Amino acid sequence: MNVRVPAESDFTSRLRSPAVAARIGVWLGISFGVCFVTGLISHYAQAPSQPVPFPTSPFWGYRVTQGLHIASGMAAIPLLLVKLWTVYPLLFRPIPRQVRALALDLLEKGSIAVLVSAAIFQLVTGLANSTQWYPWSFSFRATHYAMAWVVIGALVVHIAVKLPVIRDLLGADIDETSHDRPEAVDEGDLTRRGLVRTALFGSTLAVLATAGATVPWLRKVSVLGVTTGDGPGGVPINRTLVEAGIDEIAVGESYRLTVTYGDAEVVLTRDDLAAMTQHVVELPIACVEGWSATGTWGGVRMRDLLALVEAPAGSDVRVRSLQTRYAFGTSLLWSNFAEDDRTLLALELDGEPLSFDHGYPCRVIAPNRPGVRQTKWVERLEVL
Amino acid sequence: MRTRLALGAVGVAAGLYGALMLLDDGFSDLVSIVIWLAGGVVLHDFVLSPLTVLAGRLTPRLPSPTRAPVVVAVVVLTAITLLAIPVLGRFGASPGNATLLDRNYWAGWVGIVTLLAIGVLLASIVRAKRNANSGPA
């Protein structure tokens, strides 16, 4: 067996053609585009300040955008692998001797290196994150967000560079050979169309195998989904009481909820909360990691609690949790969320008191809100 | 050409915006990010891709009606297996939380392999029959 470094001309399959790369590139561009836009939405929904308030309706909005974010990322994995396979010979293109040609060659290879490394980075880190796996030391959210701009920028540059070739090839038959390398003439085991379909089949399977974590009717099919959707009250759990660093004593008899506005302060026990007018809403927990599940929540309207301290209309609320570990021990409830009829300080899920891990004695549940902001084990509401 | 220059400028601006945000990270985080950036490419270009080249050399040894179905199945299974690594390893599992990573993922993976194998078998039979019907060349 020979083990020398291959030359570009060693790759003779006619499947390794720009005509194939352009077509898979269109699908890959769509999936990266969807992933980018839904990622921006998720990032904005969690932003510490929002010039334009994130809307409370539709209540299922974040569930859908974040589900799409994960699904489009999953779909991109087979597409990216096949796309890279079609262009792999270019890695071994001879290095030009002329200075000008060399500079251009390095520039193009450099921009492709940025695109490929950042694209793989996004898919790998996103994939790991969707399964709660953090095998790195950097901040996932900040890095995944910044790298998304690098990928989308490099992708737009790539499209700009290749635009004439893309136009030419998408306007012609897939078996067009005008842009092929001269050596790429060997019939493969598949047709070119067959290879594109294989990549799309892989993407479909990738989505079907994982999307059940957020699409209830796919639960039985999604054998690689991160959750079956089971949990106390029919809702899975991201962080348990123990993981959040809370002692059970703190949520027992001694538990008190404090609501403050300026000097006004009201202190309530869980029984006091249970004695207030109760409401029931059906709302999803839509986790930033991509899974989601609908629950039937019962509890006190946030508005009613704020009225106890005579909070003025349009007030934002800071919610503080007993949580001592992990980020998001506090969250901001913007005024439009605080005043929405559907926003509750939930005491019950599915007709039962909340389990410890779901946030007993009480938790925030609001429409169209990332799961990390549905603060559990609430001990303090501060009207700002 | 004007469209391409405009697109290129937008792309460079977006990319730089992202790169500048990355530079806000501390030095040790940046080192880690660079390792992950380079690691993905190195694993792809120098491990996975050579393996696909080797695999490509094996297909001529297969009976001809099975070749295309086998290639399709192997491509799909490679992608699915790679994206299944985090759940197969259950690396993110938390001992106190039974509601996440709560499936038997190896069984699911074997199920996918089985379905693909059945697909290869059926497609190969259909192709062999089609070849037989078209008679000896």
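**A chat about this structure**

Q: What do the side chains of A:D173 and A:R193 meet in?
A: They meet in a salt bridge, with N to O at 3.6 Å. Here a salt bridge is a side-chain nitrogen of Lys or Arg within 4 Å of a carboxyl oxygen of Asp or Glu.

Q: Where do A:D173 and A:R193 lie?
A: A:D173 is in the loop between α4 (140-170) and α5 (192-210) of chain A, while A:R193 is in helix α5 of chain A, so the pair ties together parts 20 residues apart in sequence. Helices (H or I, at least four residues) and strands (E, at least two) are DSSP runs, numbered from the N terminus.

Q: And how many salt bridges over all chains?
A: The count comes to 13.

Q: What kind of model is it, and how do the numbers work?
A: It's a predicted model, where local features need pLDDT of at least 70 and side-chain atom pairs count only at pLDDT 80 or more, while totals for chains, interfaces and linings use all residues. Residues are numbered from 1 along each chain as its sequence is written, chains are lettered from A and ligands numbered from 1 in the order written, and side-chain values use heavy atoms, with hydrogens and water left out.

Q: OK, chains. How many residues of chain B are in contact with chain A?
A: 57 residues of chain B are in contact with 70 residues of chain A, contact being heavy atoms within 4.5 Å.

Q: What area is buried there?
A: About 5,300 Å² between chain B and chain A, and carbon and sulfur atoms give 74% of that area. Buried area is the accessible area (1.4 Å probe) that two parts lose on being put together, summed over both.

Q: Which three residues supply more than any other three on chain B?
A: B:W36, B:L83 and B:R103, which supply 13% of the area that chain B buries against chain A.

Q: How many salt bridges between the two chains?
A: Zero between chain B and chain A.

Q: Which elements of chain B touch chain A?
A: α1 (2-23), α2 (27-58), α3 (64-89) and α4 (105-133) of chain B each give two or more residues to that side. The largest share is from α2(B), with 16 residues.

Q: New topic: how many cavities are there?
A: The whole structure has three of 30 Å³ or more. A cavity is a set of points on a 1 Å grid over the protein atoms alone where a 1.4 Å probe fits but cannot get out, and lining residues have an atom within 4 Å of a point.

Q: What about the largest one?
A: Its volume is about 190 Å³, volume being the space filled by probe spheres set on the points, which are joined across faces, edges and corners. The largest cavity is lined by 20 residues, and nearest its centre lie A:I70, A:M74, A:S130, A:T210 and A:V226.

Q: Which elements supply that lining?
A: α2 (61-87) and α3 (99-130) of chain A, together with α3 of chain B, each supply at least two residues. α2(A) gives the most, with four residues.

How values were computed. 1 Å grid on protein atoms, 1.4 Å probe; cavity = no way out; pocket = protein on both sides within 12 Å on 5 of 7 lines; lining within 4 Å.
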